[in-house]
Number of protein chains: 2
Amino acid sequence: MSAEKVIALDAMSGDLGVDAVLPAAARVLRERADLRLILVGDLAVLEPRLAQAGLRTGERLVLEHAPETVTMEDPPSRALRAKKRSSMRIAIDLVKAGRAHACVSAGNTGALMAIARFVLKTLPGIERPAILTALPSIQGHTLVLDLGANVDCSAQHLFQFAVMGSVLATAVDGVDKPRVGLLNVGEEEIKGNEQVKEAATLLAASGLNYIGFVEGDDIYKGGVDVVVCDGFVGNVALKTSEGVARMIGHFMREEFSRSAWTRLAGLVAMPVLGALKRRFDPRRYNGASLLGLRGIVIKSHGGADQLAFANAVQVAALEVEKAVPQRITAQLERLLTQRQAI
Amino acid sequence: MSAEKVIALDAMSGDLGVDAVLPAAARVLRERADLRLILVGDLAVLEPRLAQAGLRTGERLVLEHAPETVTMEDPPSRALRAKKRSSMRIAIDLVKAGRAHACVSAGNTGALMAIARFVLKTLPGIERPAILTALPSIQGHTLVLDLGANVDCSAQHLFQFAVMGSVLATAVDGVDKPRVGLLNVGEEEIKGNEQVKEAATLLAASGLNYIGFVEGDDIYKGGVDVVVCDGFVGNVALKTSEGVARMIGHFMREEFSRSAWTRLAGLVAMPVLGALKRRFDPRRYNGASLLGLRGIVIKSHGGADQLAFANAVQVAALEVEKAVPQRITAQLERLLTQRQAI
């Protein structure tokens, strides 16, 4: 919480748009004296709402006008080429220009990735950026990447993801030698496709704390700090997990509302079930990192409310504080030097 | 429940081996008058235990000697080449020889698939067998394939999986025009890898009730009867789901055992939580089909107890009754004729 950090917020994107971002900004400014925010969006929309959200422009809050908005329906190519004055684009431009240390957007992931990659470029040694998030586990949480930026990945890409995830686990979670696992299937002999097998060889020789293949359930068991997979597999794992959790919640409500007696039991169990629900509150896990770029870009969930969006801003602040992109570059250089030295 | 069905049980495989299979056999014989069973295993092990399990050889139960057992550590190639007198192999041989209509094994999936494919061969028009199982959904259940037999799949393979899954939904679940979805990632433009995109084109022109791309959470939402994916993705989805469910169960126990008060709440809520647990009881979903073979082979979970194993036998009986392999062939021929007619 030392040096001051400037974070640009795409104020127009996401399902709730300004209705989530403005109160989130107010909350963050109250909670963290070390942050300054730039709200990027249509001034005609933003200005009249500031007071109501308890915000006032000044040293810690400035507005940046952006007349356009990227919608969920905009394909990335269109968002990139035809919406150069969108709130998403300008928030990223501010990072590129060095006016902001990081930006946060709840908009369309594909568009955000395409614009961020075009404007900021990837770090040296990183061919493709990846999306990383923390998922809850029995022992705390597990970092998983890629979650959907790259549907086809080579072994080299998976290796680079492992380096980035490992750096994040050390920088942000303070894990000394993060255990890195490669997501794979469980059957013997038919173990893995070619890319995964080749990535395993690269990782075993990398100097990272590579613990070998892990399976889908290991994400939630704990015992591994970083789980690496291609974006297709990662996205399916993420969505499947959400589906299971939602189904269990649905059946739980159904069972507790079956009769007067079960409703009573539900009332008695309410505080415990509430505590359980808070433990899984996806808002606490909001804020996925677009890793591998020459700048910090955080993706907030499209449906994020103010609490969730504020959490994504905290993630951005933490990555600024820990200088994540610089650390990724340093770690890659260190690993490559080690390899050459052998 | 008309004609008599003969099912061969690999009595030696699985974590519990005979301790699960013998009581399961007794249960199935009690419950279903239309079944006859062949217990395949080491006679020196089986014979002394029959009486204790309430079994007696006779018209409905015969034993078949198999001196070897495939272990979980046996790679498929070794199981196939070096263990030709294993209980798993002989159970499949009985199907090939026409002495059994189907077989059930709780052994090593890779070995089971390799042996089944070698002995029985694939159906005409099917290049690769796939593993299918039913997963619970808010609206009932969803059939998902492939769950791990094929880590790399072409569009043609995915198409063949869709045909097989669709046939199973009609034959076994009685769904008239099963809705078939192709598992994919959610982001626009970066939608899917090449195989998935090409499979979508094949399916759209197939005459199946193809409803388009679905995401991981759709498996549990319902709204789709058959979800098609490659074995890598399917296996990760399955294991991830198990992991999430187990983590939620873990946290629930933890929350309910926090204090005297929460333990009391747990007692009150117990009947409701018990009902919830029964709904997810994986034993009710035990019995994955190895589809696409010239014969019916059902894989029971390695950790299956007698109830779970008995369920797998019921799945086998149902597939015999519905003549699943014959129907797959007929459906493939119908779809190909339609396509040529266009």
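In this predicted model, 55 residues of chain B are in contact with 55 residues of chain A, contact meaning that the C-beta atoms of two residues, placed from the backbone, lie within 7 Å. Helix 9 (231-256) of chain B is one of the elements giving two or more residues to the side of chain B that touches chain A, and helix 9 of chain B has the largest share, 22 residues. Helices (H or I, at least four residues) and strands (E, at least two) are DSSP runs, numbered from the N terminus.

Residues are numbered from 1 along each chain as its sequence is written, while chains are lettered from A and ligands numbered from 1 in the order in which they are written. In this predicted model local features need pLDDT of at least 70, side-chain atom pairs count only at pLDDT 80 or more, and totals for chains, interfaces and linings use all residues.

Chain A is divided into domain 1 (1-126 + 292-323) and domain 2 (128-285), with bounds from an automatic or database domain assignment. Their centres, taken over C-alpha atoms, are 26 Å apart. Between them, 15 residues of domain 1 of chain A are in contact with 12 residues of domain 2 of chain A. Helix 11 of chain A gives the most to the domain 1 side, with 5 residues.

The table gives the make-up of two contact sides.
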